[in-house]
Each structure stands twice: as C-alpha cells, then as structure tokens.
Amino acid sequence: PEGYDDIPAFISDPEAVEPEDWDTELDGEWEAPQVPNPEYSGPWRAPRIPNPDYIGEWEHPLIDNPDYEEDPSIYKFDSNAGVGIEIWQVKAGSVFDNILVTNDVELASAR
C-alpha cells in the first residue's frame, strides 16, 4: 500500500537527552539512540487469498519409456587411446609440452 514503506523500523528515541558533557567539536554532532518504531509492523506482504481449487503441489506422473534398454556395459571401452587434460592458464603464453601419463613410478622418475 502507498506510504507503507515510508514507515521506518527504528526512530530516534524521543525521550533521549544530549549528555551534559557532550562536546560537539570533539565528539561530533549528537544523535539520539534508535528505538523500535511502534508504528512499524514489518515488511509488507500481500494478503493470501484462499484458493478452493488448490489440490496441492503438482507431482509429475512416472511414465514407462518403452524404448529404454538397460546397458550395463555403457561405460566400458576397449581402448582408451586418448587423454583429455584441462589446463587453466593464468598468464598468457604459458606452454605445456611433453606430458607423461603413466602408472610406472620408475619410468616417471627416469624422465
């Protein structure tokens, strides 16, 4: 509603008094402490209107796929002839060459 957002959540304490020993030059301009505003009733929310036709959250039906065939060897490969390596360059001009992929510790140490 109009003007609802103009009501602040906190207001300056109307009963607060500037301390006697307050020095504006040293301490700056005095500001009263903030207290909750009794006229503020929280952020505005639209009123909920009951819907008599609401039957709950939609749940999708489970429908069998007649074309589906289970393949237990879908991830099995005869040969892994290639290796993909993702390299993130931090500086332009970085060169990566002669990458060795092995499970032989002696071969890796010799190179």
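This is a predicted model: local features need pLDDT of at least 70, side-chain atom pairs count only at pLDDT 80 or more; totals for chains, interfaces and linings use all residues.
Local features need pLDDT of at least 70 and side-chain atom pairs count only at pLDDT 80 or more, while totals for chains, interfaces and linings use all residues. Residues are numbered from 1 along each chain as its sequence is written, and side-chain values use heavy atoms, with hydrogens and water left out.

Helices (H or I, at least four residues) and strands (E, at least two) are DSSP runs, numbered from the N terminus. In the loop between strand S1 (10-12) and helix H1 (24-27) sits Asp21. Asp21 counts as exposed because its relative accessibility is 68%; exposed means over 50% relative accessible area, buried under 20%, and partly exposed in between (1.4 Å probe, protein chains only).

The loop between strand S2 (34-36) and helix H2 (105-110) holds Ile99. Asn37 also lies between S2 and H2, and is buried because its relative accessible area is 10%. The Asn37 side chain comes to 3.0 Å from the backbone nitrogen of Glu39. Phe77 is in the loop between S2 and H2 as well, but counts as exposed because its relative accessibility is 59%.

Ile99 belongs to a nonpolar surface patch with Val83, Ile85, Ile87, Phe96 and Val101, and together they have about 590 Å² of accessible area (Shrake-Rupley method, 1.4 Å probe; for residues, only the protein chains shown count as cover). Asp21 belongs to a negative patch with Glu20, Asp23, Glu25 and Asp27; Asp and Glu count as negative, Lys and Arg as positive, and His and the chain ends are not counted. Patch members have over 30% relative accessible area and no salt bridge, with like charges joined within 9 Å and nonpolar side chains (Val, Leu, Ile, Met, Phe, Trp, Tyr) within 5 Å. Each charge is placed at NZ of Lys, CZ of Arg, CG of Asp or CD of Glu, and a salt bridge is a side-chain nitrogen of Lys or Arg within 4 Å of a carboxyl oxygen of Asp or Glu.

Methods: A polar contact is a pair of N or O atoms within 3.5 Å; within protein, one must be able to donate a hydrogen and the other to accept it, and residues adjacent in sequence count only if both atoms are side-chain atoms.
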